[in-house]
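Student: Can you walk me through this model? I'd like to go through it piece by piece.

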Amino acid sequence: RGEMAEGLRRLFREKKVPGNATWEQALKLIGDDPRYSVLENFIEKKQIFNVYKSQRQKEEREEQRMLAKQAKENLEKFLLQTKEIHSTMSYRKVDQVLSGVPEWTSVPDHDRRNLLSEAMSEIAKREKEDSKILRKRNIKAFNEILNGM
C-alpha cells in the first residue's frame, strides 16, 4: 500500500499537478496513466491526493518566498551599482527611469520603496565621498597652477 501511495504521489508530481488543483482537474491530468488504476480504492486515492496537494502548496509558497527574496536581493544590488539614479531623485522619477528594468519590475511597489529608501542613503554617502575626493583633487590642481605662476 505504501509503495502504491508513493507511486501515486510520484505520478502527481510527474504530471505537474499544481497545489491549487481540484480533484477533478488532477484526474484530467493523470486519468489516462496506467499507474492511476494501481490503487483501486477511490477514497484512498483522494486522501493521497489531498496529502500531495497540501504538501505541494507548502512547496509552492516556499518557492514563491525564495523567488521574492532573490528578487529583492537583485534589486538592492542593482540599485547600489547603477549609475542611472542619484540621491536627490524622487521615487516617481526613479520609477520612470527604471520602468523597463526587470530587477525593478519584479519587486512589489511597497518593497521597492523600502529598498530604494535604504539604497538612497548608501548612494548619498557614496556621492558625498566622491565629492570630497573631487574637491581634494581640484584643490591640488589649483595649487599646482598657482605654484606654476
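Student: What kind of model is it, and which residues count?
Tutor: It is a predicted model: local features need pLDDT of at least 70, side-chain atom pairs count only at pLDDT 80 or more, and totals for chains, interfaces and linings use all residues. Residues are numbered from 1 along each chain as its sequence is written, and side-chain values use heavy atoms, with hydrogens and water left out.

Student: Start with α3. How many residues does α3 have, and what is its reach from first C-alpha to last?
Tutor: Helix α3 covers residues 42–81, which is 40 residues, and reaches 57 Å from its first C-alpha to its last. That is close to the 58 Å expected at 1.5 Å a residue. The expected span is 1.5 Å times one less than the number of residues. Helices here are DSSP runs (H or I, at least four residues; strands are E, at least two), numbered from the N terminus.

Student: Which residues of α3 are buried?
Tutor: K45, I48, F49, Y52, R56, A71, L75, F78 and L79. Buried means under 20% relative accessible area, exposed means over 50%, and partly exposed is in between (1.4 Å probe, protein chains only).

Student: What do the buried residues of α3 pack against?
Tutor: They pack against α1, α2, α5 (102–105) and α6. Contact means heavy atoms within 4.5 Å.

Student: And what happens at the start of α3?
Tutor: A side-chain oxygen of N41 reaches to within 3.0 Å of the backbone nitrogen of I43. For polar contacts the rule is a pair of N or O atoms within 3.5 Å; within protein, one must be able to donate a hydrogen and the other to accept it, and residues adjacent in sequence count only if both atoms are side-chain atoms.

Student: Where is D33, and is D33 buried or exposed?
Tutor: D33 sits in the loop between α2 and α3. D33 counts as buried because its relative accessibility is 12%. The side chain of D33 reaches the backbone nitrogen of R35 at 2.9 Å. Not counting residues up to four places away in sequence, D33 touches L11 and K15.

Student: K16 next. What is its phi?
Tutor: Phi of K16 is near 55 degrees, a positive value in a residue other than glycine. Most residues other than glycine have a negative phi. K16 lies in the loop between α1 (2–14) and α2 (23–30), and K16 counts as exposed at 68% relative accessibility.

Student: Switching to Y91. Which residues is Y91 in contact with?
Tutor: Leaving aside neighbours within four places in sequence, Y91 is in contact with W104, D109, R112, R113 and L116. The side chain of Y91 makes a polar contact with the side chain of R112 at 3.3 Å. Y91 lies in helix α4 (residues 91–97) and is buried, with a relative accessible area of 16%.

Student: How many salt bridges are there?
Tutor: The count comes to 13, where a salt bridge is a side-chain nitrogen of Lys or Arg within 4 Å of a carboxyl oxygen of Asp or Glu. One of them joins the side chains of E6 and R9, at 3.0 Å from N to O.

Student: How are E6 and R9 placed in helix α1?
Tutor: E6 and R9 are three residues apart in helix α1, so they are separated by about one helical turn. E6 is partly exposed at 38% relative accessibility, and R9 is partly exposed at 23%.

Student: What about E60 and R56?
Tutor: E60 and R56 form a salt bridge, with the closest N and O atoms 3.5 Å apart. E60 is partly exposed, with a relative accessible area of 22%, whereas R56 is buried at 16%.

Student: And R113 with D109?
Tutor: Their side chains meet in a salt bridge at 3.2 Å, N to O. R113 and D109 are four residues apart in helix α6, so about one helical turn separates them. Elsewhere, salt bridges that share partners join R13, R56, E59, E60 and E63 into one network.

Student: Last one. Which residues form the nonpolar patch on the surface?
Tutor: F142, I145, L146 and M149, with about 480 Å² of accessible area together. Patches are made of residues with over 30% relative accessible area and no salt bridge; like charges are joined within 9 Å, and nonpolar side chains (Val, Leu, Ile, Met, Phe, Trp, Tyr) within 5 Å. Accessible areas come from the Shrake-Rupley method with a 1.4 Å probe, and for residues only the protein chains shown count as cover. L146 lies in helix α6 (residues 109–147) and is partly exposed, with a relative accessible area of 42%.
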